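User: I have a model open and want to go through a few spots in it. Can we start with the backbone and move on to packing?

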Amino acid sequence: YSYYQSETKKQKEIAVIIPDVLNSFFARILEGISRQAQILKLPLQLYLTNDDKSKEAQAIDNLISNGIKGVILVRSARGEKDTLTSITKLNRYKIPFVLLDRDVEHSNSSGIFLANADAVYDAINLLIENGFKNIKIITGPQSNLNANQRLEGYKKAMSKHGFVVNESNIYRSDFSAKNSMDVTAKMLEDEIPEAIFSCANRMTTGCMKAISQKGLILGKDIKLFSFNKLDASLINNFNFSYIEHPVEYMGERGVTILQSKFVGTRGIIREILDYKIHYKVD
């Protein structure tokens, strides 16, 4: 979605390019962006890409040709090379931008990101310290930087405690609930682990459905640990542990950093967010 106004008005606007707002994670980012943009009196344009790298590239080209003031970008999950091309264009046209959540390797761009590897490392450490040994992980595609960083945290924690990291304990999904449900169902056919670590919120909901369909009870038959906090109803009604990230703050801070660039702050500003682990004792 986008809207265009007069040239004077348009050059005061910032654009937000984000995969969707149906995913509560992205909705919370957008909530933070909207709140801070309102405080700073920065009008917004919103582009939804549906995680399509070609839609993202088209949005960037449109924004450059229409003289946008600045860009906040949550890039498409699989389009890292395409995003690198787009941010090279933004730099060429001297349009300030901030990346949120999904980094681009070798780009050295300003952005705010989750502590992907460290958060998973701490979560797996906690599981092992509480007696869990057979821990499987569901992560994203091999082409996804966040997924690989989270997997690295899992491997590091398992190795630290002397466990051989078995590839048969690593399952790949596409971040969707449906695919994650299918992947979890396959996992449970192979073997029912003591614990499962799910690397994204939609993955967790798919995982929960597969566990339920198998007739297993969360917290009793199997331990589930989510990388993301889920909706309050799920947290209150189901026994699973999760990592809480200040997602709304990520959006707020992204706008603040962009504003600082408008008033002349130079250099790259990169931040890794802190996190809190909520561990439910069974």
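User: Where is Asp51 found?

Analyst: This is a predicted model. In it, Asp51 lies in the loop between strand 2 (44-48) and helix 3 (53-65). Its phi is near 60 degrees, a positive value in a residue other than glycine.

User: Is Asp51 buried, exposed or partly exposed?

Analyst: Asp51 is partly exposed, because its relative accessible area is 32%, between the cut-offs of 20% and 50%.

User: And what about phi of Lys94?

Analyst: Lys94 is not a glycine either, and its phi is positive, about 55 degrees. Lys94 sits in the loop between helix 4 (80-92) and strand 4 (97-100).

User: Buried or exposed, that lysine?

Analyst: Lys94 has a relative accessible area of 72%, so it counts as exposed.

User: Switching to the inside. Which residues touch the most other members of the largest nonpolar core?

Analyst: Ile29, Leu100, Ile124, Ile135, Tyr154 and Phe197 do, in a core of 65 residues. Helix 5 (residues 116-129) gives the largest share of this core, seven residues.

User: What does Ile124 touch?

Analyst: Leaving out residues up to four places away in sequence, Ile124 touches Ile135, Tyr154, Ala157, Met158 and Phe197.

User: What else is there in the way of cores?

Analyst: There is a second, separate core of 17 residues, with Ala15, Ile17, Val71 and Ile95 among them.

User: Now helices. How do helix 2 and helix 10 pack?

Analyst: Helix 2 (residues 24-39) and helix 10 (residues 247-262) pack at an angle of about 40 degrees, and their axes are 7 Å apart. The angle is therefore one that makes helix 2 oblique to helix 10. Their crossing is right-handed.

User: Which residues meet there?

Analyst: On the helix 2 side they include Phe25, Arg28, Ile29 and Glu31, and on the helix 10 side Val247, Glu248 and Met250. By class, the residues of this contact divide into seven nonpolar, four polar and five charged.

User: What about helix 7 and helix 8, at what angle do they pack?

Analyst: Helix 7 (residues 177-190) packs against helix 8 (residues 201-213) at about 45 degrees, with the axes 7 Å apart. That angle makes helix 7 oblique to helix 8, and the crossing of the two is right-handed.

User: Which classes of residue are in the contact of helix 7 with helix 8?

Analyst: It has eight nonpolar, five polar and two charged residues. Among those that meet are Met181 and Leu188 in helix 7, and Met203 and Ile211 in helix 8.

Note on methods: Residues are numbered from 1 along each chain as its sequence is written. This is a predicted model: local features need pLDDT of at least 70, side-chain atom pairs count only at pLDDT 80 or more; totals for chains, interfaces and linings use all residues. Side-chain values use heavy atoms; hydrogens and water are left out. A nonpolar core is a set of buried Ala, Val, Leu, Ile, Met, Phe, Trp, Tyr and Cys residues joined through side-chain atoms within 4.5 Å. Buried means under 20% relative accessible area, exposed over 50%, partly exposed in between (1.4 Å probe, protein chains only). Helices (H or I, at least four residues) and strands (E, at least two) are DSSP runs, numbered from the N terminus. Contact means heavy atoms within 4.5 Å. Axes are lines fitted to C-alpha atoms, for helices over the stretch in contact, and angles run from 0 to 180 degrees between N-to-C directions. Angles under 35 degrees count as roughly parallel, over 145 as roughly antiparallel, 65 to 115 as roughly perpendicular and the rest as oblique. A crossing is left-handed if the near helix is turned anticlockwise from the far one by less than a right angle, and right-handed if clockwise. Ala, Val, Leu, Ile, Met, Phe, Trp, Tyr, Cys and Pro count as nonpolar, Asp, Glu, Lys and Arg as charged, and the others, Gly among them, as polar.
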